[in-house]
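The entries below follow the order in which I looked.

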Amino acid sequence: MSFLEMYQLPILRWLHIVAMVYWLGGEWGVFQTSFNVINRKLSMDERRRHMETAYRIDILARTGIIMLLPLGLHMGHIWGVQPLGGNWLVGMWIAFAVWLGLCWSAYYYRETDTGLRLTKIDEGIRFIVIPALMVTSLWSLFGDGPLMAETGQKWFSIKMFFYACTLVIGLKLRFIMREWTELFRQLAMGENAEVEATLDRSIRFGRKLAYLYWILILTVAFFGAVKPM
């Protein structure tokens, strides 16, 4: 037995933990940085530096949330709760590598129109992934779906459903961060009370969503670690 065959599952589990840490920690970092982004007592240059910091932290969270899905599906196949393996897993990893590359490209060009277009494509992918995950998980739990959902296996479908719920909130938070870029472009042209008020409302709403986001992230982690059902 080769090293990779022997340690495949532990390595995948380790990467899954790392992705979860970057996801949860990154969201906390963006949350804290947002307080300075809307602080009108700071100069515009200082606020833009804090926004840049938020984006640099957020890309790690975005990477983590994307990587969790292929890692989870791969481990699910090893555990026998996800039946698709072989070439399907290879194709899955290629697809997610492309998605991750798109995400990083959108981050790299974030201050340009190209970056905004790439961000919208990234968001569009989520509109496909989210319903696919929700239908698959619920179908498996309450019908005859593709995932194994017998006693002791239901945790995987439940975890997938809650993960899809986090993607919904994450998508809304992506909208909010994209709005930051657009609003700061307007503020760069001069003081604008209306734009400031919009930015303030946007970030405050995002903070409220963040609390629910963290609860769901911890729920996903719980079902993955404890496997209670």
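**Entry 1: Helix packing**

I began with helix H4 (residues 113–142) and helix H5 (residues 154–187), which pack at an angle of about 160° with their axes 9 Å apart. Angles over 145 degrees count as roughly antiparallel, so H4 is roughly antiparallel to H5. I noted that the model is a predicted one.

I then looked up the handedness and found that H4 passes H5 in a left-handed crossing. Sorting the contact of H4 with H5 by residue class, I recorded 18 nonpolar, 5 polar and 9 charged residues.

I turned next to H2 and H3, whose axes come within 11 Å and cross at roughly 175°. That angle makes H2 roughly antiparallel to H3. For the contact of H2 with H3, I listed 18 nonpolar, 3 polar and 2 charged residues.

**Entry 2: The largest pocket**

How much space lies in the largest pocket? I recorded about 380 Å³. I counted 19 residues in its lining, and those nearest the centre of the pocket are Leu-69, Leu-73, Trp-88, Phe-96 and Leu-133.

H3 provides the largest share of the lining, 6 residues.

By class, I found the lining of the largest pocket to hold 17 nonpolar residues, 2 polar residues and no charged residues.

**Entry 3: The second largest pocket**

For the second largest pocket I noted a volume of about 200 Å³. This pocket is lined by 13 residues, and I marked Arg-13, His-16, Ile-17, Gly-224 and Ala-225 as those nearest its centre.

Which helix gives the most to the lining of the second largest pocket? I found H1 in that place, with 5 residues. At least two residues of the lining come from each of helix H1 (3–37), H2, H5 and helix H6 (193–226).

I classed the residues of this second lining as 8 nonpolar, 2 polar and 3 charged.

**Entry 4: Notes for cross-reference**

I noted finally that the lining of the largest pocket has no charged residues, whereas the lining of the second largest pocket has 3.

How values were computed. Residues numbered from 1 in each chain as written. Predicted model: local features only at pLDDT ≥ 70, side-chain atom pairs only at ≥ 80, totals over all residues. Heavy atoms only, no water. Axes fitted to C-alpha atoms, helices over the stretch in contact; angles between N-to-C directions. Helix = DSSP H or I, 4+ residues; strand = E, 2+ residues; numbered from the N terminus. Parallel < 35°, antiparallel > 145°, perpendicular 65-115°, else oblique. Left-handed = near helix turned anticlockwise from the far one by under 90°. Nonpolar A, V, L, I, M, F, W, Y, C, P; charged D, E, K, R; others polar. 1 Å grid on protein atoms, 1.4 Å probe; cavity = no way out; pocket = protein on both sides within 12 Å on 5 of 7 lines; lining within 4 Å. Points joined across faces, edges and corners; volume = space filled by probe spheres on them.
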